[in-house]
Amino acid sequence: MKTFKAFNTILLGLLTAAFALSSSAAFAAPGEIAVIVKTTNSNYWQNVKKGATASAADAKGYSLTFQGPASESAIADQVSMVENAVTRKVAGIVLAASDPDALVPALKKAWEAKIPVVLIDSMVADSGKRYYQSFLSTDNEAAGEQSAKALISQVGKTGKIAVMSYVAGAGSETGRVGGFKRYIEKNSQLQIVGTYYSQSQMATALNQTTDVLASNPDLKGIFGANEPTAVGMGRAIAQAGKAGKVVAVGFDGNEDLKNFVKDGTLYATAVQGSYSMGALGVKTLVSLIEGKKVAPFVNTGVVIVTKANVDLPEAKNVLY
């Protein structure tokens with residue numbers, strides 16, 4: 001009896017190992033599109049998923065898988081997800097790269113396996129340019145210009161404004177804040193009293209905005225250039241009793257920023273087309289798989305969300 005039990009135990013172990021091996025080496029379903037984002041624990045990326053799912057449903061003969069690490073800092077996990085998709089021989093990959101350098105070797109493997117890749121949201125390093133076929137993202141310079149235009153529409157062309165930025169020199173920051181400042185300089189006589197960097201920390205942005213408001217009682221407008229910075233800016237404005245007195249324009253569109261627009265703390269927020277990134281990313285990939293030409297860059301745009309359109313479909317499709 002003991003021998004029989006031992007045999008069963010060994011057999012069960014062998015079967016379990018074989019199942020695990022076959023699962024890890026499983027092949028993709030025919031027409032499977034792998035969408036791999038920076039993290040699944042974010043409303044922003046869940047909105048990307050909505051767009052991708054809708055686009056995949058419209059395409060005939062395709063299925064979609066959606067993956068991302070537990071956090072954006074888990075870069076090695078994302079690399080493994082891309083490599084696994086290549087090993088499983090998916091039809092194509094839509095990728096939002098968490099790191100510009102770390103993902104390049106995985107993209108090379110996809111290229112060698114003749115698996116088309118479309119990047120969304122974030123670019124990889126120049127060394128990886130040959131390994132993907134299209135890049136879809138916000139034109140940050142144009143988005144900064146639109147934000148400046150929205151601010152000027154409410155404060156006029158003279159007076160003081162402040163810029164609450166995030167990480168100096170980051171690719172998106174350079175385009176976004178640079179575009180904002182250039183538009184202000186070319187189209188108004190507004191004085192920018194300072195550019196402050198929150199390091200994408202909401203609490204830091206709150207404290208910086210509080211100080212700016214206290215030091216400049218005649219401040220007419222203020223721009224918060226990304227989500228945590230804009231949220232901190234909005235909270236500082238509300239706490240200082242300046243809502244509706246200082247014209248504020250934010251960037252991105254989570255629940256806090258949407259509510260700030262609704263209650264008048266912010267005049268507007270510029271929201272990236274996360275839904276469009278997902279939808280157009282999949283649509284572009286399907287075109288590649290089917291041998292059609294695609295644009296090397298697609299601007300997924302921004303929507304300037306104000307009280308006038310916050311409850312309309314154009315805003316609801318980008319707010320998250």
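Modeller: In α10, the buried residues are S274, M277, G278, A279, G281, V282, T284, L285, V286, S287 and L288. Buried means under 20% relative accessible area, exposed over 50%, and partly exposed in between, with a 1.4 Å probe and protein chains only. This is a predicted model, where local features need pLDDT of at least 70, side-chain atom pairs count only at pLDDT 80 or more, and totals for chains, interfaces and linings use all residues. Residues are numbered from 1 along each chain as its sequence is written, and side-chain values use heavy atoms, with hydrogens and water left out.

Biologist: How many residues does α10 have, and what does it reach from its first C-alpha to its last?

Modeller: Helix α10 has 16 residues, 274-289, and reaches 23 Å, close to the 22 Å expected at 1.5 Å a residue. The expected span is 1.5 Å times one less than the number of residues. Helices here are DSSP runs of H or I with at least four residues, strands are runs of E with at least two, and both are numbered from the N terminus.

Biologist: Which residue follows α10?

Modeller: G291 follows α10, with a positive phi near 80°.

Biologist: Switching to β1. Is β1 mostly covered or uncovered?

Modeller: Strand β1 (residues 32-36) is mostly covered, with 5 of its 5 residues buried. E32, A34 and I36 lie on one side, I33 and V35 on the other, and both faces are covered.

Biologist: Which strands pair with β1?

Modeller: Strand β2 (residues 63-67) pairs with β1 in the parallel sense over 5 bridges. Strand β3 (residues 92-95) also pairs with β1 in the parallel sense, over 4 bridges. Two strands pair if DSSP finds at least two bridges between them. I36 has Q67 as its bridge partner in β2 and stands opposite L95 in β3.

Biologist: And the other sheet, in what order do the strands come?

Modeller: That open sheet has 6 strands in the order β7-β6-β8-β9-β10-β12, with mixed pairing. β7 (191-197) and β12 stand at the edges with a single partner strand each, so one side of each has no neighbour in the sheet. Inside that order, β8 (residues 219-224) and β9 (residues 247-251) run parallel and are joined by 3 bridges. F223 has V249 as its bridge partner in β9.

Biologist: Where is T306, and what does T306 touch?

Modeller: T306 sits in the loop between β12 (302-305) and α11 (313-316). T306 is buried, at a relative accessible area of 13%. Leaving aside residues up to four places away in sequence, T306 touches V261, Y267 and A268, where contact means heavy atoms within 4.5 Å.
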